[in-house]
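Please view the sequence and the model below before reading on.

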There are 2 protein chains.
Amino acid sequence: MTDTAQPHCVVLDWGTTNFRAVLVDAKGAILDRVETPDGIQSVPASGFEASLAERIAPWRKTHGPLPVYASGMIGSRNGWIEVPYVHAPAGIEDFAKAVRRAALRDASSILFIPGLTDMSVKPFPDVMRGEETQLVGYGLAQDATVVLPGTHSKWARIAQGRITSFRTFVTGELFGTVSRHSFLAQVAKPRGAPDWAAFARGLDVARGVGASAGLLSCLFSVRTGWLAGELDAAQMTDYLSGLMIGAEFREAGDLGWFEPGQEIGIIGTEAMAELYRRAATAFGLTPRPGPADAAMRGCLAIAAMAERLEGSGS
Amino acid sequence: MTDTAQPHCVVLDWGTTNFRAVLVDAKGAILDRVETPDGIQSVPASGFEASLAERIAPWRKTHGPLPVYASGMIGSRNGWIEVPYVHAPAGIEDFAKAVRRAALRDASSILFIPGLTDMSVKPFPDVMRGEETQLVGYGLAQDATVVLPGTHSKWARIAQGRITSFRTFVTGELFGTVSRHSFLAQVAKPRGAPDWAAFARGLDVARGVGASAGLLSCLFSVRTGWLAGELDAAQMTDYLSGLMIGAEFREAGDLGWFEPGQEIGIIGTEAMAELYRRAATAFGLTPRPGPADAAMRGCLAIAAMAERLEGSGS
């Protein structure tokens with residue numbers, strides 16, 4: 001942290017499995033950051049304020065009370081308070097109007113950004129918490145299709161300054177459970193650097209190169225490839241990763257999320273974004289990377305709009 | 001066991017997670033049975049004979065040495081000995097010609113039935129061990145399409161007295177890992193009797209009733225249905241089961257395994273067969289149940305053929 005910069009606020013991205021906080025100055029520059037694996041599922045229901053206070057104690061000690069802006073699952077039924085979902089289509093103003101505040105013991109306050117629901121998804125409305133803020137940080141000015149890889153990967157459409165629709169794919173979670181708890185776990189060796197050839201092979205199989213392909217049958221090819229001597233134990237996990245991300249792109253294509261030749265925005269950590277860039281290219285799309293700090297940018301934009309609206313008495 | 005019946009042999013169905021042995025008379029009637037969860041994965045590589053001896057000790061004590069006929073993963077790379085796969089198409093004689101024998105310490109012997117491989121499956125040849133024996137026990141005389149639900153569910157085609165092709169779907173394994181290790185496990189309540197309405201709803205979603213459907217997006221509906229108040233915690237697991245079995249039928253249909261209106265044989269335990277009967281009906285198929293003791297019937301038929309071939313010196 002530079003000594004001269006004046007902290008303005010704390011921005012939280014507090015999800016199911018991770019706690020991420022950044023200390024930000026008035027211009028949106030990051031002065032310091034804290035990341036821990038204390039996702040909301042590891043914090044008791046009454047313990048969120050204490051958990052937050054512990055994690056940002058050094059900042060408060062140095063700078064005094066600071067406003068906190070939070071997005072993600074912290075604003076869900078299993079979080080600090082449940083903020084009702086905004087309905088898609090929605091833009092910055094819609095999110096800003098629906099924020100909730102809570103007073104903190106140090107006389108500052110915390111602002112929770114609402115999640116987004118797409119009521120048009122069948123059989124049940126789809127939901128996101130946190131990704132809407134990243135999409136705002138990515139930018140809503142230009143029409144786009146954007147994928148946000150993760151435990152529950154999201155595909156979203158941006159049009160006319162709003163998030164108009166989205167869809168969830170459980171790719172990350174399924175990859176995690178299969179690689180840790182299936183027959184794979186008994187055979188596969190830990191990965192070092194990604195084996196891009198194995199990953200690309202998985203993508204090809206999911207794309208149906210040389211055969212029609214569904215996920216339940218394709219998944220068995222991790223085992224049969226090993227039995228056939230075509231995949232060694234060190235390649236299985238990357239092959240599986242390609243298979244699953246490829247299946248996500250295939251399903252997304254079947255659902256009309258893209259046509260080959262289109263551009264696709266990608267918002268995610270560097271390692272995840274790299275996997276999705278390669279998958280996008282394999283499916284004939286042009287990847288367009290989003291900013292690394294999309295969550296913070298979106299949080300600041302929505303919080304600033306909320307304060308403007310409150311200031312104008314609307 | 002009746003006092004007068006004369007035991008003829010011991011038939012084993014020894015798979016990855018279960019040990020099943022039946023004591024059989026010369027007419028194929030079951031005199032006694034032993035089932036334990038001692039699948040091959042819980043037995044050390046050098047311990048198979050001792051494990052078998054312990055489990056069938058009472059039979060040997062009463063009746064002396066008895067020939068043992070075994071099918072399933074016990075004949076695989078991770079089992080007692082690795083019996084090479086027979087290549088599809090294959091009938092009883094093909095299996096009988098490829099059996100392997102090992103001498104046992106009590107002067108009897110154990111016969112291992114080979115598995116089956118379908119070299120035409122892409123991207124890698126498909127494999128089965130144990131199901132080929134169940135298919136023989138189901139009967140190869142009449143042309144049929146048969147599904148064998150399980151950890152790795154198999155769809156097989158029988159034509160002109162042989163198993164001509166087959167395909168594996170990892171439905172059971174994926175259902176197990178998702179229901180035990182995903183977000184579901186944190187919410188779903190244990191099941192009592194199946195909730196058939198929830199199961200049927202899952203089938204409908206997988207069939208794409210009212211929307212196109214892929215597994216990665218459909219799986220999220222377990223969560224969104226709960227969030228929307230449409231699925232309660234006690235229904236989630238049966239809904240998931242319907243979703244996954246429905247996805248298997250949908251993939252099988254896409255791969256050309258059936259056309260609506262056809263008959264489909266089902267070989268499995270009563271509880272599993274009931275799920276697949278309901279799924280088959282939902283997909284417009286006429287289910288035809290197989291015999292409960294298909295594995296034993298197939299094992300006896302192949303062993304008898306092997307002895308006939310050996311007797312004739314072929």
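Two strands pair if DSSP finds at least two bridges between them; helices (H or I, at least four residues) and strands (E, at least two) are DSSP runs, numbered from the N terminus. The model is predicted: local features need pLDDT of at least 70 and side-chain atom pairs count only at pLDDT 80 or more, whereas totals for chains, interfaces and linings use all residues. Residues are numbered from 1 along each chain as its sequence is written, while chains are lettered from A and ligands numbered from 1 in the order in which they are written.

**Chain A**

Chain A is divided into domain 1 (7–142 + 293–311) and domain 2 (171–283), with bounds that come from an automatic or database domain assignment. The C-alpha centres of these two domains lie 32 Å apart.

In chain A, an open sheet of three strands has the order β5-β8-β9, and its pairing is mixed. Its edge strands, β5 (86–87) and β9 (126–128), each pair on one side only. β5(A) runs parallel to β8(A) (residues 116–118), joined by two bridges, and His87(A) stands opposite Thr117(A) in β8(A).

**Helix packing**

Two helix pairs, one from each chain, are set out here. Axes are lines fitted to C-alpha atoms, for helices over the stretch in contact, and angles run from 0 to 180 degrees between N-to-C directions.

| Helix pair | Axes | Angle |
|---|---|---|
| α5(A) (171–181) and α10(A) (236–254) | 10 Å apart | about 150° |
| α4(B) (131–138) and α12(B) (294–311) | within 6 Å | roughly 90° |

α4(B) is therefore roughly perpendicular (65 to 115 degrees) to α12(B). α5(A) and α10(A) are therefore roughly antiparallel (over 145 degrees) to each other.

Residues are in contact if their C-beta atoms, placed from the backbone, lie within 7 Å. In α5(A), Thr171(A), Leu174(A), Phe175(A), Val178(A) and Ser179(A) meet residues of α10(A), including Leu240(A), Met244(A) and Glu248(A). This contact has six nonpolar, four polar and one charged residues; Ala, Val, Leu, Ile, Met, Phe, Trp, Tyr, Cys and Pro count as nonpolar, Asp, Glu, Lys and Arg as charged, and the others, Gly among them, as polar.

**Interface between the chains**

The contact takes 40 residues from chain B and 40 residues from chain A. On the side of chain B that touches chain A, α5(B) gives the most, with six residues. The residues of that side divide into 19 nonpolar, 13 polar and eight charged.

Conventions
Angles under 35 degrees count as roughly parallel, over 145 as roughly antiparallel, 65 to 115 as roughly perpendicular and the rest as oblique. Two residues are in contact if their C-beta atoms, placed from the backbone, lie within 7 Å.
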